[in-house]
Amino acid sequence: SPRIGVLAVQGDVREHVAALRDLGAEATTVRRPEEVESIDGLVIPGGESTVMDKLVRAFDLQEPLKRRLAEGMPAYGSCAGMIMLADRIADARPDQQTLGGLDITVRRNAFGRQVDSFEQDLDYVGLEGTVHAVFIRAPWVEEAGECVEVLARVSEGPAAGRIVAVRQGSIMATSFHPEVVGGDRRIHAEFVKIVSQHRR
Ligand code: GLN
């Protein structure tokens, strides 16, 4: 089974490890530069992207992670993880950097204070029925390049139509947190499939 690393400097690491293990994948935490070399794919959890970025740089993880992503290592980011995988942030904090990989511009905390956190059932390309999406101070994708496939959009409310799940090659990202929804591992399963196919 593929060996999938979960970036473990900050955020909801355990939930992603549990989701991957439910699927029979080998999940391991990544905190040190050496650990970046031995994984077949990377999950970047939800959390706080400004803090995650600082810690990634402080732990000397930025260079090896960027290099492996540039070499084609599959990656999946949820929420703050989506921000870390975005090439551009619309409203970046001064000095905030990302790893990049996705030709998207994200807007942090895009849904506004009033709707800090909310849940919605969404259509998701390639999956039957709907996905229960939990948004927590989530970003949305404000612009996506031509090579980016849009997998899901907000279904209702003032933000209806906003892009909240994307894929570009072996990299995918969701604004929401499938790892906190027990009993539905389909989005992690999509990623495990990408990693397995990439490995062959
Ligand atoms: N608002 C957070 C950020 O900007 C993301 C929130 C989350 O990951 N739940 O990084």
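**Exercise 1.** In this predicted model, find what share of the contacts between residues at least 6 apart in sequence join residues at least 24 apart.

*Solution.* Start with the contacts in the protein chain between residues at least 6 apart in sequence.

**Exercise 2.** Check whether the radius of gyration of the protein chain agrees with that of a compact globule.

*Solution.* Begin with the expectation: for 200 residues, a compact globule would have a radius of gyration near 16 Å. Next, take the value for the protein chain, 15 Å, which agrees. For burial, 44% of the 200 residues count as buried.

**Exercise 3.** Work out how the buried residues of helix 6 are arranged around its axis.

*Solution.* First locate the helix: helix 6 covers residues 186-199. Now list its buried residues: Ile-187, His-188, Phe-191, Val-192, Ile-194 and Val-195. Looking down the axis, these buried residues fall within an arc of 155 degrees, so they line one face of helix 6.

**Exercise 4.** Sort the residues of the shell around the ligand into nonpolar, polar and charged.

*Solution.* Gather the residues around the ligand, including Gly-46, Glu-48, Cys-79, Arg-108 and Ile-136. Sorting the whole shell gives 4 nonpolar, 4 polar and 3 charged residues.

Key:
Residues numbered from 1 in each chain as written. Predicted model: local features only at pLDDT ≥ 70, side-chain atom pairs only at ≥ 80, totals over all residues. Rg over C-alpha atoms; globule rule 2.2 N^0.38 Å. Buried ≥ 20, exposed ≤ 12 C-beta atoms within 10 Å, placed from the backbone. Contact = placed C-beta atoms within 7 Å. Helix = DSSP H or I, 4+ residues; strand = E, 2+ residues; numbered from the N terminus. Expected span 1.5 Å × (residues − 1). Arc of directions from axis to C-beta. Near = placed C-beta within 6 Å. Nonpolar A, V, L, I, M, F, W, Y, C, P; charged D, E, K, R; others polar.
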